Amino acid sequence: MTVLEQPGAYRPTPPPGWQPRVDAAPLLPDAEPYRLLGTAAAADISPDLLIRLHRELVRGRRYNTQATALTRQGRLAVYPSSTGQEACQVAAGLVLEDRDWLFPSYRDTLAAVVRGLDPVDALTLLRGDWHSGYDPHTHRVAPLCTPLATQLPHAVGLAHAARLKGDDVVALALVGDGGTSEGDFHEALNFAAVWHAPVVFLVQNNGFAISVPLAKQTAAPSLAHKAVGYGMPGRLVDGNDAAAVHEVLAEAVRRARAGGGPTLVEAVTYRIEAHTNADDATRYRPDSEVEAWRAHDPIALLEEAMRDRHLLDDEGDRAARESAERLAADLRTRMHQDPVLDPMALFEHVYADRTSQLREQAAQLRAELDAEAADAGKGE
Amino acid sequence: MTTAVGTDTARKPATMAQALGRALRDAMAADPSVHVLGEDVGTLGGVFRITDGLAEEFGEDRCTDTPLAEAGILGTAVGMAMYGLRPVVEMQFDAFAYPSFEQLISHVSRMRNRTRGAMPMPITVRVPYGGGIGGVEHHSDSSEIYYMATPGLQVVAPATVADAYGLLRAAIASDDPVIFLEPKRLYWSKADWSADAPEQVPPIGRAVVRGPGSGGGRSATLISYGPSVPVCLEAAEAARAEGWDLEVVDLRSLVPFDDETVCASVRRTGRAVVVHESTGFGGPGGEIAARVTERCFHHLEAPVLRVAGFDIPYPPPMLERHHLPGVDRVLDAVARLQWESEWTEGSAV
Ligand SMILES: Cc1ncc(C[n+]2csc(CCOP(=O)(O)OP(=O)(O)O)c2C)c(N)n1
């Protein structure tokens, strides 16, 4: 009888003495996404945290709507909105210590802003004036990453380096559900687990990679299940429950900092807007689906829980909304100014020292610009 | 099932994007072994809508939304080709094809050679490429040199609507892998092109002289392909006023390279400028200039010049106009072809 003919068997009998390296059970995610708001445990969340989450959620929603409006006014070339995903963004932006690092993708401007980045600087990539509008070291936020999943190995390497140097720094890397299909996702998780690196991976599962639904992306029981195969814990959380996302991330960060290795967190959420303003979502999903998710809005969920505990009154609500309006007004004003760009900057920072070829090309462009300016002068 | 896209058979304007879609559709209708796969190619019809309607017409097994993994897409295409299918792969943008380079370089390009001809790779890889559309970082790369440097790959770049149709049909029919570079900024360029009676396009590997010179005055050849061809045609028009008679050679195919057409033109005109938007240093122009010099040395009145993008990572959209070679830069190069009086060390750029 061959192995395959043995009833129930799908692999040969393990060699004598074979043991699984780790017990898989503690690594497995729960069957249901973890929720806090609306449960009895919500009574124990610190009021300060809830108030902070609320303020940032309200500001975050306003940031998203304002940035989207700027695309319509031609002030922003493109904006991948995180409306509906603010709970993930805010939790990711708040959960780290100053010395920790955040590795965002193009959709994660809000997380970077919550972490302290100037809201305009965070948008330069999308406005089109420079690829990264900030110094990553200032707030320890890596450049917003466009090629999918490629920032994940960077996060692992940085966390590993910090540990080699004896620093208790943690890296939090963000990726979408689609990005989990890339080879880099696999390699990053494997390195992280083998090196026991202090990294937390947060998958924002918003249901779609542009038009492709999760069912066509993976056949796994959940994305969090992928963790087990690498030997790290997988956690499944309601991505619209800001308190739950914050708690799960905070626990993963603590574990990583304490030398407990990496964690994969899957936050189940939804992309309310189209992929970007340039995408037509009606081609691949019905409005009814979007409406169902609108009813599970992260801000509404949090407000309900806070009102239950008398942590949010009309005045608190007004204060949060005023803060959001100030953010939006500031963004509008500053984004309506044309950025002043020097074309000669094209030749800066290609190398630490400019090559002779680049010096020649810079001289060529300088001459062209001077000629253009002279022509414009003549026209006046 | 071969239903015509339009009901009227008269010649009508169409865009390059529509011509590419039509080529895919016609190829799939003509040959059941043609399969389209990639990210968002099904329900959405691709982010540029090139594959619009294919999943509906031919089913999801023939036009497949894959998981988001370029190495996986091209790697599985290799296996599909091994089993007799003709995969047409869509890479969403130039810079997103890079994860697939391992498959491309280690397997797709050399499978025929390593199996002594037993296992050809009739794969077409469609890559929307190049700048000029205001795309954010990683959406505007000109990656042709990486492909050109890999033996076993054919590299094609159409510049006209008719060529887009004809070359894509030829690429899909080819028994060798073809990197099909689609100039994004020409996707919406229109032409008087009939989908029902498309112009005949010769096989891959033939260049064409566009706007042939009249043979009078000072003459030169502009050698180009893809998105820079319209720039050269405009420059040729503008140079006429200054007494220049410029021939524009549209290469259409970088590999194989049509030495014959290029050199015939350069021998006629005596001067040449290669124009492309990818970087100049180590770029395609160097290879082309060397070939022309080797074959036409005694006919040349001046060195072969190159007009290319700067040797920098592709810039952000607000600065790309300073990077992309435009008509003025081509005309400047043409002016420098008056070698005898003006060429000095200092004027070289
Ligand atoms: C390597 C790579 N391939 C393709 C793309 C084009 N692209 C940009 S976003 C996107 C979908 C990403 O979906 P997901 O990872 O779920 O993140 P989301 O946009 O939903 O936040 C694709 C295919 C890319 N940016 N990088």
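Mentor: Gladly! A salt bridge is a side-chain nitrogen of Lys or Arg within 4 Å of a carboxyl oxygen of Asp or Glu. Here the side chains of Glu60(B) and Lys216(A) make one, at 3.4 Å from N to O. This pair crosses between chains, from the loop between α2 (54-58) and β3 (63-65) of chain B to the loop between β5 (212-213) and α8 (226-230) of chain A. Helices (H or I, at least four residues) and strands (E, at least two) are DSSP runs, numbered from the N terminus. This is a predicted model in which local features need pLDDT of at least 70 and side-chain atom pairs count only at pLDDT 80 or more, while totals for chains, interfaces and linings use all residues. Residues are numbered from 1 along each chain as its sequence is written, chains are lettered from A and ligands numbered from 1 in the order in which they are written, and side-chain values use heavy atoms, with hydrogens and water left out.

Trainee: Which residue forms a salt bridge with Asp250(B)?

Mentor: Arg210(B) does, with the closest N and O atoms 2.9 Å apart. The two are 40 residues apart in the chain, Arg210(B) in strand β9 (residues 208-210) and Asp250(B) in strand β11 (residues 244-250) of chain B. Arg210(B) counts as buried because its relative accessibility is 19%, and Asp250(B) is buried at 0%.

Trainee: How do I read helix packing?

Mentor: Axes are lines fitted to C-alpha atoms, for helices over the stretch in contact, and angles run from 0 to 180 degrees between N-to-C directions. In chain B, helix α9 (residues 259-269) packs against helix α10 (residues 284-296) at about 65 degrees, with the axes 10 Å apart. Contact means heavy atoms within 4.5 Å. Residues making this contact include Val262(B) and Val266(B) of α9(B), and Val292(B) of α10(B).

Methods. Buried means under 20% relative accessible area, exposed over 50%, partly exposed in between (1.4 Å probe, protein chains only).
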